[in-house]
Amino acid sequence: MRVLVVNAGSSSLKSQLLETDGKISLMKCLAEKVGTSDAYMNVSFAPDFKKTKYQMPGLSVSECLAKLLDILVEDPESPISALDQIDAVGNRIVAGGEYFTKSAVIDDEAREKLTLCEELAPLHNPPADACIDMMREHMPNTPQVAVFDTAFHSTMPPKAYLYPLPREYYEKYRIRRYGAHGTSHRYAAQQAANLLGRPLRDLGIITCHLGNGGSITAVNHGKSIDTTMGFTPLEGLMMGTRSGSIDPAIVTYLMRREHKTFDEMDRILNKESGILGVSGLSADMRDVLQAADDGDEWAELAIEMYVHRVQKAIGGYYAIMTRTDAVVMTAGIGENSAELRERIFAGLAHMGMILDKDRNNVTGEIGLNRVISIDDSPIKICIVTADEEIRIARETDNLVSQLG
């Protein structure tokens, strides 16, 4: 089946055209800085995947996707010449609330429920929904599937997903922990089990999705039992622009002192905090690491705070697991920053997570899943290349095939 996978972010768009029968990528697309005057989109086609860069100043995420559809039809290098040659569309959706505990075909009823989930992921769900609507208009006969980041975390027990608030708020508004990055965590856990040569159902694994957004999940016998992100993707780790977990009284304190509105406070916590807020330089960890190397003390502090919070989360999940066999690092920072991995595991060796510095610093193996702990480390440390797109494509194939 030929599946177009759409991963819409708040200011980015990742997409692939995948042939699920052979797990072959036919097209790759990445649009960044979407919504700004500097927005651009790189598109490449198999077999050589030579990138062509398109300027996208001021376009929204869904408008970038519409442009991609035009390119797919018009570019002579494209594997298709008409949109009806795409068999299905798989959409990554961050939040499905309690409406969706597994992937779903998007019919009118499902589309209505997706609207109700937008407030659970206000940065991500609205642009994803806009992409769905655009494609329903341009490709009305092509089935679409929603694959939810929150679905993997639906196995969490109440003691993990409920907040210590008056029970009525859960009963009335379903305020609870939903988590995110579930597709990535599920994939990373399975790939780590493959590396260890053991069934996932027999393992305890802590998966660390560390990118501009970040979350850590305790995966016990193949099921998520707790995760750092909560009611929205704002909770948990310190992230690129998100504060992560802070004392909630800070919010009301600042609103009173600074006379901030709800929307202004929401913007501060989601878009002006985290690594960007502390360093005062950038939300990109690569820039902050370079600044720290150049002697910038605030950049160094931002890194130390980030590492500290990751270590606390890993340690906390070690405490609640019945066993811990491996810790997995995935996504942009987790996969690519040897320095951050070394800093993180320097503080966890006493728990049996012992990094092999030579393996950790091996270059030329980008994209290769591998173990980077010493041979006799009680808990193995793994790197898994994030591949949410293939997981979404498989889920889409399964559901659409059932439709016949």
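Guide: A word on terms before we start: the axes here are lines fitted to C-alpha atoms, for helices over the stretch in contact, and angles run from 0 to 180 degrees between N-to-C directions. Keep in mind, too, that this is a predicted model.

Now find helix H7, residues 249–258, and helix H8, residues 262–271; they pack at an angle of about 125°, and their axes are 11 Å apart. Angles from 65 to 115 degrees count as roughly perpendicular and those over 145 as roughly antiparallel, so H7 and H8 come out as oblique to each other. The crossing of H7 past H8 is right-handed. Who makes the contact? On the H7 side you have Val251, Leu254 and Met255, and on the H8 side Phe262, Met265 and Leu269. Sort the contact by class and you get six nonpolar residues, with no polar and no charged ones.

Met134 has a relative accessible area of 11%, so it counts as buried. Apart from neighbours within four places in sequence, Met134 touches Ser62, Leu65, Ala66 and Leu69. Take Ala66: it is 68 residues from Met134 along the chain, yet their C-alpha atoms are separated by 7.4 Å.

Last stop, the strands. S14, residues 380–383, pairs with S12, residues 326–330, in the parallel sense over four bridges. S14 also pairs with S13, residues 370–371, but in the antiparallel sense and over two bridges. Look at Ile383 in S14: it is the bridge partner of Met329 and also of Arg370.

Conventions:
Residues are numbered from 1 along each chain as its sequence is written. This is a predicted model: local features need pLDDT of at least 70, side-chain atom pairs count only at pLDDT 80 or more; totals for chains, interfaces and linings use all residues. Side-chain values use heavy atoms; hydrogens and water are left out. Two strands pair if DSSP finds at least two bridges between them. Angles under 35 degrees count as roughly parallel, over 145 as roughly antiparallel, 65 to 115 as roughly perpendicular and the rest as oblique. A crossing is left-handed if the near helix is turned anticlockwise from the far one by less than a right angle, and right-handed if clockwise. Contact means heavy atoms within 4.5 Å. Ala, Val, Leu, Ile, Met, Phe, Trp, Tyr, Cys and Pro count as nonpolar, Asp, Glu, Lys and Arg as charged, and the others, Gly among them, as polar. Buried means under 20% relative accessible area, exposed over 50%, partly exposed in between (1.4 Å probe, protein chains only).
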